[in-house]
Amino acid sequence: MQQIINFVIRNKTSLLFLLLFVISLALTIQSHSYHKSKFINSANFLTGGIYESASGISDYFGLKKQNDILVEENNRLRSQIFNGSDSIGTSFIDSTSFGGRYKMQSARIINNNYAASKNYLTINKGEKNNIKEDLGVITSKGIIGIIDNTSNGYARVLSILNTKSKINAQLKASDQFGSLEWDGKSSEIVQLTDISKFAPVREGDTIVTGGKSSIFPKGIPIGTVYGFELDISGDTYTVDVKLFNDMTNLSHVYIIENLDIEEIKLLENPIDE
């Protein structure tokens, strides 16, 4: 302990300079949007590289499990080709049903948080791959989240297991719309809110995306009704939805881009002349 005190006394001038330098740098980044943007991109690049190295090691030991998942997905694709889409389970996404409005590309998750109240994932695709904010991220089983930050080679995904997440969703059987949110409790269960009390809700019903936003097309699977109850007002249900995806075990994902998004944004938010 005495050695630490002696070190501080001997180097007090240098340590004071470093402290003031860090404080001034933080204030500069915080008060200037340009500097803040550059700092965030640099941080994403650095942490992305670290995450990718760690993910590579983890993926090596999980190859058998990932191969089993890919084999299962290939079997479903073959079933779709041979028998038509009716033979596919409700938790499988048929990207051909999206029409020509959407473009998809694959990516790999290199970091996945699911234990906090505000969870994010990191993927190994970024601006150099034409990845940008507000693109949807899915797997063959359902939605994962929405990209909210990018750097040159990586992107951060706002997970559906994030208390800030809000996604338009509906009951597949009745077209009753609501908002998909998360209460921060279970990594297997999310909540569909604002469902009319007159809606025919049953346990086991399928929940899908509602298509009322420009991010996700209509009909992407989310999960099934696990339970439901009336809100305090007595006018709407809050529905517990058991996710098709195991959010604690994700590897490969698809990034989905609405090719008409700029036209939609321009229409919905016209520039004042």
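This is a predicted model: local features need pLDDT of at least 70, side-chain atom pairs count only at pLDDT 80 or more; totals for chains, interfaces and linings use all residues.
The space within the largest cavity amounts to about 30 Å³. Its lining is formed by Lys103, Met104, Gln105, Ile131, Leu135, Ile255 and Glu257. When these residues are grouped by class, four are nonpolar, one is polar and two are charged.

Aromatic contacts were examined next. A pair of aromatic rings is described by the distance of the centres and the angle of the planes. One aromatic pair is present in the structure. This pair consists of Phe228 and Tyr237, whose ring centres are 5.3 Å apart and whose planes stand at 85 degrees, so the arrangement is classed as edge-to-face; the class applies because the angle is over 60 degrees.

The two partners were also assigned to accessibility classes. Phe228 has a relative accessible area of 34% and is therefore partly exposed, a class that lies between the limits of 20% and 50%. Tyr237, by contrast, has a relative accessibility of 16% and counts as buried, because buried residues are those under 20%.

A further contact places a charged side chain over an aromatic ring. Arg156 is positioned over the face of Tyr120, at a distance of 3.9 Å from the ring centre.

Methods:
Residues are numbered from 1 along each chain as its sequence is written. Side-chain values use heavy atoms; hydrogens and water are left out. On a 1 Å grid over the protein atoms alone, a cavity is a set of points where a 1.4 Å probe fits but cannot get out, and a pocket is an open set with protein on both sides within 12 Å along at least five of seven lines; lining residues have an atom within 4 Å of a point. Grid points are joined across faces, edges and corners, and a volume is the space filled by probe spheres set on the points. Ala, Val, Leu, Ile, Met, Phe, Trp, Tyr, Cys and Pro count as nonpolar, Asp, Glu, Lys and Arg as charged, and the others, Gly among them, as polar. Rings of Phe, Tyr and Trp (its six-membered ring) pair if their centres lie within 6.5 Å; planes under 30 degrees apart count as stacked, over 60 as edge-to-face and the rest as tilted. Buried means under 20% relative accessible area, exposed over 50%, partly exposed in between (1.4 Å probe, protein chains only). A charge sits over a ring if NZ of Lys or CZ of Arg is within 6 Å of the ring centre and within 35 degrees of the ring normal.
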